[in-house]
Amino acid sequence: MKVIAALLVSVFLLTSCATENPKSKSLGKVVSCSTIETDPNITSGTTLECLDGNSKIVLEAIKGPAIINVWGSWCAPCREEMPYLRELAATGKVQIIGIDVEEKSMEAARKFVVEQGMTWPNLYDKDGSTKSSFGMGVPITWYLNSKSEVAYKHIGVLKSKDQLFSHVEKYLGIKL
């Protein structure tokens with residue numbers, strides 16, 4: 001009986017000291033694209049559907065400063081850089097916009113947004129119309145300056161929070 005009691009106490013102590021389950025972190029949400037700042041005078045160009053299903057955005061109308069991050073749920077490097085983008089989003093100092101490409105369905109994209117803790121608007125490129133602008137691979141991160149010009153294109157995974165934050169300061173002039 002003492003052995004069973006000791007085992008139960010040990011199990012209790014081990015589980016109470018366990019590390020946090022990554023799935024228990026705060027979940028993301030599909031955000032309305034109405035929060036994306038756009039130039040109302042630009043009405044034609046590459047039009048993408050919002051993951052919220054309620055609106056469309058003309059890519060060329062997006063106003064800076066902003067970061068546009070191109071991702072896919074099937075992309076392992078895209079998952080790697082999400083913690084850095086979440087940290088940037090938490091500052092509230094720069095507009096972040098995601099673009100999901102080459103996804104099997106809008107529902108798969110929405111699931112990824114929630115699981116990865118994304119809290120910024122995301123667009124859905126179901127037919128690959130952005131390939132001519134962004135290129136073939138993901139992840140890709142564009143930095144649009146206050147004149148809505150592409151100040152920098154980062155091709156590949158963002159390696160650290162420091163890298164992302166220094167890009168924001170260098171190319172967008174935003175102190176973090």
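Trainee: Which residue in β5 is the bridge partner of Glu49?
Mentor: Tyr124 is the partner of Glu49. Keep in mind that this is a predicted model.
Trainee: OK, and how many bridges join β1 to β5?
Mentor: Two bridges link β1, residues 47–50, with β5, residues 122–125. Those strands run antiparallel.
Trainee: What order do the strands take in the sheet?
Mentor: The order is β2-β1-β5-β4-β3-β6-β7, with mixed pairing, and the sheet is open.
Trainee: Which strands stand at the edges, then?
Mentor: β2 (56–58) and β7 (150–155). Each has a single partner strand, so one side of each lacks a neighbour in the sheet. From one strand to the next, the twist averages 25 degrees.
Trainee: Which strands does helix α5 touch?
Mentor: Helix α5, residues 161–172, packs on the sheet and touches β3 (66–71), β6 (140–144) and β7. Its direction makes about 30 degrees with that of β6.
Trainee: Zooming out, how many helices and strands does the protein chain have?
Mentor: Five helices and seven strands. Starting at the N terminus, they go α-β-β-β-α-β-α-β-α-β-β-α.
Trainee: New topic: what share of the residues counts as buried?
Mentor: 40% of the 176 residues. The protein chain exposes about 9800 Å², with 56% of that supplied by carbon and sulfur atoms.
Trainee: And what share of the contacts with a separation of 6 or more comes from residues 24 or more positions apart?
Mentor: That comes to 67% in the protein chain.

Note on methods: Residues numbered from 1 in each chain as written. Predicted model: local features only at pLDDT ≥ 70, side-chain atom pairs only at ≥ 80, totals over all residues. Heavy atoms only, no water. Helix = DSSP H or I, 4+ residues; strand = E, 2+ residues; numbered from the N terminus. Buried < 20%, exposed > 50% of the residue type's maximum accessible area, 1.4 Å probe, protein only. Contact = heavy atoms within 4.5 Å. Areas by Shrake-Rupley, 256 points an atom, 1.4 Å probe, with all protein chains shown as cover. Pairing = 2+ DSSP bridges. Axes fitted to C-alpha atoms, helices over the stretch in contact; angles between N-to-C directions.
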